[in-house]
Amino acid sequence: MKLYNIKENDEQVSFGQAVRQGLGKNQGLFFPSEIKPFEDVDALLAESFVSRSSKILSSLIGDELSEQKVYEMVDSAFQFPAPIKQVKEGVHALELFHGPTLAFKDFGGRFMAQSLAAVSDGGKITILTATSGDTGAAVAHAFYGMEDINVVILYPKGKISPLQEKLFCTLGKNIHTVAVNADFDACQSLVKQAFDDQELRSAIGLNSANSINISRLMAQICYYFEAASQLSKEERENLVVSVPSGNFGNLTAGLLAKALGLPVKRFIAATNANDTVPRYLQTGEWDPKPTVATTSNAMDVSQPNNWPRIEELCRVKEWGLETLGKGAVSDEQSAESVKSLNAQGYLCEPHGAMLIAFWMSS
């Protein structure tokens, strides 16, 4: 598998290099040079979660790692289900909170840990990552206790939930945490600055476990296929997916799943008050505002780092950005949605409830 730097196209790397390196020159994101759709998606969807996921990831990685090795990595990483539950007629929720830290990022974090171990050259590795809430816990637990890998997590002080903070600040050993008196975007900026320091990168083997790392992003593709596998063929043919969006890695993975052949009619990017992308899709002007704290704190991101990958994919596939649904939901709308869902017998939290609120307001 070859990947290229979106900002510096002449920088092309292998999967292993991309995993070890994290970011390319000029803070550029790596992107697959080829995305080949599966010929028989129905047959693929008929397989088990682990078997199907290993085939999806093998197709992206190529012959750099054997199919058996990728299967073992997936089997070790995906040890929990991703069920869909019917919320009401025609509406289902993909539940991604069944992992050890109750976050969808458990899938990507654990697969990245397996990937880094598989491609490591034996040198020093320091994982530096920023979190708006759930990434920190998922990454910390994925790498906890791994030899020769240190993890440093930056998070905005007072802007994540107490549970999230305890999940990654109480581990110790090779997990180190730093509370920053700023918002998530500032934490992410510090990570990018560190990656620009070539001497530092070399000295400590700097890497990142944010969704800027391609291995984490690739793993997230798999649960979109898993969701579709649990629907009838008729339901799959009319599939619209609404994605709670903060740093936009989740939506990027969904669009990559579509590029691989998953039949999705349309994606909707739902944000909270940090609505840079919906405003951009409406006006064509990229105008990030100061980050606002909301009840859906894991999505409190005003400068989503993965957005360039979405634009690159749309360019490659000749998909118009206008085909993306978009919208911002207030805390008040999200709270009403939580109450409404609970009254219907489905218990949800603000990030997921936001999607139903979006449907109700659109």
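User: Are D134 and K105 buried or exposed?
Analyst: Both D134 and K105 are buried, where buried means under 20% relative accessible area, exposed means over 50%, and partly exposed is what lies in between, using a 1.4 Å probe and protein chains only. Please keep in mind that this is a predicted model, in which local features need pLDDT of at least 70 and side-chain atom pairs count only at pLDDT 80 or more, while totals for chains, interfaces and linings use all residues. Residues are numbered from 1 along each chain as its sequence is written, and side-chain values use heavy atoms, with hydrogens and water left out.

User: What do the side chains of D134 and K105 form where they meet?
Analyst: They meet in a salt bridge, at 2.9 Å from N to O; the term stands for a side-chain nitrogen of Lys or Arg within 4 Å of a carboxyl oxygen of Asp or Glu. Because D134 belongs to helix α6 (residues 134-143) and K105 to helix α5 (residues 105-119), the pair ties together parts that are 29 residues apart in sequence. Helices here are DSSP runs of H or I with at least four residues, strands are runs of E with at least two, and both are numbered from the N terminus.

User: How many salt bridges does the structure hold?
Analyst: There are eleven salt bridges in the structure, and one of them joins the side chains of E47 and K55 at 2.6 Å, N to O. E47 is partly exposed, with a relative accessible area of 23%, and K55 is partly exposed too, at 41%.

User: Which residue does D287 pair with?
Analyst: D287 forms a salt bridge with R279, and their closest N and O atoms are 3.9 Å apart. Salt bridges that share partners join D275, R279, D287 and K289 into one network.

User: Switching topic, which residues make up the nonpolar patch on the surface?
Analyst: That patch is formed by F97, L102 and L163, which together have about 310 Å² of accessible area. Such areas come from the Shrake-Rupley method with a 1.4 Å probe, and for residues only the protein chains shown count as cover. Patches are made of residues with over 30% relative accessible area and no salt bridge, with like charges joined within 9 Å and nonpolar side chains (Val, Leu, Ile, Met, Phe, Trp, Tyr) within 5 Å.

User: And where is L163?
Analyst: L163 sits in helix α7, which covers residues 162-169, and L163 counts as exposed because its relative accessibility is 52%.
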